[in-house]
Amino acid sequence: MTSETLFSPAKFGSIAAKNRLVMAPMTRNRAGAGNVPTDQTVTYYAQRASAGLIVTEATQIVPEGQGYPNTPGIHSPEQIAGWKKVTDAVHAAGGKIVLQLWFTGRISHSAYQPGGKATVSASAVRPAGHVYLPDWSKAEYETPRALDADELPGIAKAYGQATKNAKEAGFDGVEIHAANGYLIDQFLRDGSNKRTDRYGGSIENRVRFLVEVTEQVVAAWGSGDGVGVRFSPHNPYNDMADSNPEALFVHAAASLKRFGLAFVHVIEPVGTELQLAGKIKAAIGSALIVNGDYTFDKASEAVASGLADAVAFGKPFISNPDLAERFARGAELTAFDPSTFFGGTDKGYIDYPALGGTVAAE
Ligand SMILES: Cc1cc2nc3c(=O)[nH]c(=O)nc-3n(C[C@H](O)[C@H](O)[C@H](O)COP(=O)(O)O)c2cc1C
């Protein structure tokens, strides 16, 4: 046991957080023309600055990285300027914010790819399921093209450039999205990686792309102390599977130890049978953020027991902009409405009230 609570300050590398409540990254599909964050997005994040740390919605590092309608990017000057307004507002409200770096890989469609080219992945394995096209109509996923080994350094460099852009936009750091079945995860797990070259087969080989991306991101940030990484060892979302998640993710974590990362963020829902978060923390030697179906009580336990340094909340943060204050006061939570999660208007985005019935001021 430790004497820490969810309300004790924490350090994630160089990021000093006022509490141990993290807002989990959540795609909301409300970017404006050119996939630029809007003024509503500025309000949305500023309203949630009661979190010790906000991780933004996944943000494509290059146009090719997109796979859903109206998701923001961090590759154009307009996007950087849009995000700068977000970081300024969050900082003015006393919060900290990192950008989640995203390349969707096979969880995309040629309709998103410049020139209508094929989607890319570790291997030519088509995921089961449906993609939403830019006009929100549904289509089956396509069979991706397996990336050539000599294309991978260029993609890793694009993660580095996106990191520089995030720094310019005023972020406190970045989170490498290596979870939920997107490109890096497609390399990590053997359900989607069938390669026979140095990026496939053994666990060491499947981790190589993640390590090369991290090298570029850390170099671009200047050190590891503003860089985090997110894993989802058990998540089958986006048609993902691995034959030995424990060996894979503990090795992946150990391979990143030398970078001195600010945090590792593990999606492992409460009650998951095979608990890997503690082993991942021990292997990587960074602060641990856990996530997945946490309640206030479960989160308090995770921090007090010394397992986790912080707990990320997703859905509760959508409908409770002042979640930290509500937890502190033992106040009731507002229920979230899944029908307004993805896309749409201000409804279900910036109109959830703070305590007292008022919509939190920007
Ligand atoms: C609307 C919505 C969008 C999400 N988008 C992302 C995302 O962009 N990046 C990511 O890593 N996880 C994403 N997730 C997963 C959440 O970060 C989180 O892992 C999940 O909601 C479980 O946490 P919770 O039980 O506290 O909601 C999303 C979840 C939801 C509900």
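This is a predicted model: local features need pLDDT of at least 70, side-chain atom pairs count only at pLDDT 80 or more; totals for chains, interfaces and linings use all residues.
**Note on salt bridges and a buried histidine**

1. Arg329 is exposed, its relative accessible area being 58%. Arg329 takes part in a salt bridge with Glu325, and the closest N and O atoms of the pair are 2.6 Å apart. Glu325 has a relative accessibility of 36% and counts as partly exposed. Both residues belong to helix H10, which covers residues 323–329. Because they are 4 residues apart in that helix, about one helical turn separates them.

2. How many salt bridges does the structure hold? The count is 14. The points below take up some of them.

3. Glu215 and Arg258 form another salt bridge, with 3.1 Å between the closest N and O atoms. The two residues come from distant parts of the chain, 43 residues apart. Glu215 lies in helix H5 (residues 203–221), whereas Arg258 sits in the loop between helix H6 (245–255) and strand S12 (263–267). As for accessibility, Glu215 is partly exposed at 35%, and Arg258 is exposed at 57%. Arg258 counts as exposed because its value of 57% is over the 50% cut-off.

4. Glu151 pairs with Arg145 in a salt bridge whose closest N and O atoms are 2.9 Å apart. Are these residues buried, exposed or partly exposed? Glu151 has a relative accessible area of 26%, which makes it partly exposed. Arg145 is also partly exposed, with a relative accessibility of 36%.

5. A network of salt bridges links Asp190, Arg206 and Asp242. A reader going through the model can look at these three residues together, as members of one network.

6. His265 is a separate matter. Where is His265 placed? This residue is in strand S12. With a relative accessible area of 0%, His265 is buried. The classification holds because buried means under 20% relative accessible area.

7. What does the side chain of His265 make a polar contact with? The partner is the side chain of Glu175, at 2.8 Å. Glu175 is also one of the residues listed as in contact with His265 once neighbours within four places in sequence are left aside.

Key. Residues are numbered from 1 along each chain as its sequence is written. Side-chain values use heavy atoms; hydrogens and water are left out. A salt bridge is a side-chain nitrogen of Lys or Arg within 4 Å of a carboxyl oxygen of Asp or Glu. Buried means under 20% relative accessible area, exposed over 50%, partly exposed in between (1.4 Å probe, protein chains only). A polar contact is a pair of N or O atoms within 3.5 Å; within protein, one must be able to donate a hydrogen and the other to accept it, and residues adjacent in sequence count only if both atoms are side-chain atoms. Contact means heavy atoms within 4.5 Å.
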